[in-house]
Amino acid sequence: MAERVEIFEVGPRDGLQNEPRAIPYTDKIALIDILSRAGFQRIEVASFVSPKRVPQMADGEEVLLGIERYPQVSYAALVPNLTGLDRARTAKVDEIAVFASASNGFSQANLGCSIWESLERYRSVIDMARVDNIPVRGYVSCVTDCPYDGPTPPDMVGLVATSLSEMGCYEVSLGDTIGKGRPATISAMLVEVLRGVPAERLAGHFHDTCGRAQENVRIALAHGVRVFDAAVGGLGGCPFAPGAPGNVATETLNARLVEMGFETRLRPDVLEEAAEFARGLRDG
Ligand code: HMG
Ligand code: MG
């Protein structure tokens, strides 16, 4: 039987957060409703962050309350603090993600605080989410390179990933935020991370800035990682990481994984439909 690899669709969040054009929430809902038919187990659909910082994600409530809920899909949202958790809970999110960085420069730009201050903040978010049985995923950004601080030491990634895991994140997604990772740096980083978090609780989140995301997925597969974040149509980027365009495109990654003999349980025809719709949103 073919081995399973899961693609976690992040296009409606990581993809659309960076769009310069205001996208009506009805279009976001239409995209998510297509994606829900594709066979995903998890789709990241919104962020409950400061609307002043990321105006494109200000309508998380409308999106979550407007989508058609497929019972087999867990609809996820980013949460930076307790205010975000309250909003996510009211919008009936299925799971949340907290997001830290392995570099201080990006932490300051993205969250306005140091790595360690962000982890302290997340401790209370994770504890409160646990009270309501809301699963929490964790992100570590800048796992190989930071747009402000340069190369990231692998042991910092290990420390942050282990902290998130120990605080209660059921999975830690490793973000190559600006897509500068290379097989050698991804591999060195994974060796460190795997000392504290087993491969079954890790995911790869590779932006495709330099066209190396697929290669980096191969390296992560060789280290035992079996979950990868991707965005339909290669949408994506982070407004606080200059040079962080598209995530690896879901439809391309899916085709590669299937070619490699993995089972993804996704429908390529629906992925194409979603990618076309997503490209339409991007191009106006
Ligand atoms: P802050 O501005 O530093 O400070 O926010 P604050 O906590 O004092 O809040 C300032 C204002 O924001 C206040 O309003 C708060 O009420 C409001 P005011 O009094 O000025 O009217 N506020 C909120 N409003 C709604 N929902 C909230 C919320 N929180 C505060 N949750 C904060 C600190 C962390 C909130 C802010 O810096 C922020 O929202 N940052 C988010 C940045 C972000 O979303 N970045 C993109 C996602 S990360 C990413 O893309 C990387 C990833 O894909 C992985 C990878 O690729 O590596 C995940
Ligand atoms: Mg990202």
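This is a predicted model: local features need pLDDT of at least 70, side-chain atom pairs count only at pLDDT 80 or more; totals for chains, interfaces and linings use all residues.
Residues are numbered from 1 along each chain as its sequence is written, chains are lettered from A and ligands numbered from 1 in the order in which they are written, and side-chain values use heavy atoms, with hydrogens and water left out.

Next, display Asp14 (OD), His205 (NE2) and His207 (NE2), the protein donors of the ion, which lie 2.1 to 2.3 Å from it. Donors are N, O and S atoms within 2.8 Å of the metal (3.2 Å for Na, K and Ca); water is not among the atoms, so sites may look incomplete. Asp14 belongs to helix 1, whereas His207 lies in the loop between strand 9 (202-206) and helix 9 (213-222), 193 residues apart. Helices (H or I, at least four residues) and strands (E, at least two) are DSSP runs, numbered from the N terminus.

Then select Lys52, where a polar side-chain atom is 2.6 Å from an oxygen atom of ligand 1. At Gly84, turn to the backbone, where a polar atom lies 3.3 Å from a nitrogen atom of ligand 1.

Finally, colour the shell around ligand 1 by element. Helix 1 (11-15), helix 4 (82-90), helix 5 (104-111) and strand 5 (136-141) each supply at least two of its residues. Helix 4 gives the largest share, three residues.

Definitions and conventions
A polar contact is a pair of N or O atoms within 3.5 Å; within protein, one must be able to donate a hydrogen and the other to accept it, and residues adjacent in sequence count only if both atoms are side-chain atoms.
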